Amino acid sequence: MNHRTRIKICGLTREQDVQAAVAAGADALGFVFYPKSPRYVTPQQAASLLAKVPPFITTVGLFVNVEPGQLQEIVAQAPVSLLQFHGDETVEQCAALAQAVNRPFIRAMRIGSATTAADLLEYAQAYRDSSSGSHLFAGLLLDTLVEAYGGSGKVFDWSLIPKELAPQVVLSGGLSVHNATDAVKRVRPFAVDISSGVEQDKGIKDAAKIRAFIAAVRQADADPAGL
């Protein structure tokens, strides 16, 4: 039985884009609560978008160095089901933030030229072993190291991902309609995350690109041999 790669469409800002992602078969929808991002949505805007999401689709809030009180206020207005931390948060801070709103979380790890496979395994283990919040840790999201926070839109070296870790991670960073099939065949991640690769402009999604991206991932899922 082939694995069905889960798909997250991130950086949603418009109701029609939420509807397009849902109609195309996305498993998760991401909303950016980082004010410096061009895809930023206010809690009020996010609440309106969340109201359009049907059951059984995960809603994800992306945060960068947010304070516990701020996080509580945001989640009270826009009750996302999963947190995604993209800043300089430590293991302990991620756990405390997640506990403050009683939500599971995923942690973005930004991969640079000096990153090794051992680093990835050690990073994941640190979150699993955390005595304060390991029960809320849902996994790693792997993205490319760039100067800015949030999604990079750039590809990193997928060969760095250890085979034993790959089935547990969310693969991000520079994914597109053109490389999605190859990425999933090579890495076999649990999920993929895309934002800029399915856009007309920053924060404005393209329904045709969303459909094409999901089809490309499903093409890889249908090939059990991989590469």
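**Close-up views of a predicted model**

View 1. What kinds of residues make up the lining? Sorted by class, there are 10 nonpolar, 3 polar and 3 charged residues in the lining of the second largest pocket.

**View 2. Lys8 and Asp193 pair up in a salt bridge.** Side chains of opposite charge can pair when their charged atoms come close. Here, the closest N and O atoms of Lys8 and Asp193 are 2.6 Å apart. Where in the chain do the two partners sit? Lys8 is in strand 1, while Asp193 is in strand 8 (residues 191-194). They are 185 residues apart, so this pair links distant parts of the chain. For the model, the count of salt bridges comes to 10.

**View 3. Helix 3 crosses helix 4.** Look for helix 3 at residues 68-77 and helix 4 at residues 91-101. Their axes come within 9 Å and cross at roughly 40 degrees, and the crossing is right-handed. Which residues meet here? On the helix 3 side you'll find Pro68, Leu71, Gln72 and Val75, and they meet Leu97, Ala100 and Val101 of helix 4. This contact has 6 nonpolar residues, 1 polar residue and no charged ones.

**View 4. Helix 6 crosses helix 7.** This view takes in residues 180-187 (helix 6) and residues 207-221 (helix 7). The two axes come within 8 Å, crossing at roughly 35 degrees. Is the crossing of helix 6 and helix 7 left-handed or right-handed? It's right-handed. Split by class, the contact of helix 6 with helix 7 has 6 nonpolar, 2 polar and 2 charged residues.

Note on methods
Residues numbered from 1 in each chain as written. Predicted model: local features only at pLDDT ≥ 70, side-chain atom pairs only at ≥ 80, totals over all residues. Heavy atoms only, no water. Nonpolar A, V, L, I, M, F, W, Y, C, P; charged D, E, K, R; others polar. Axes fitted to C-alpha atoms, helices over the stretch in contact; angles between N-to-C directions. Helix = DSSP H or I, 4+ residues; strand = E, 2+ residues; numbered from the N terminus. Left-handed = near helix turned anticlockwise from the far one by under 90°. Contact = heavy atoms within 4.5 Å. Salt bridge = Lys/Arg side-chain N within 4 Å of Asp/Glu carboxyl O.
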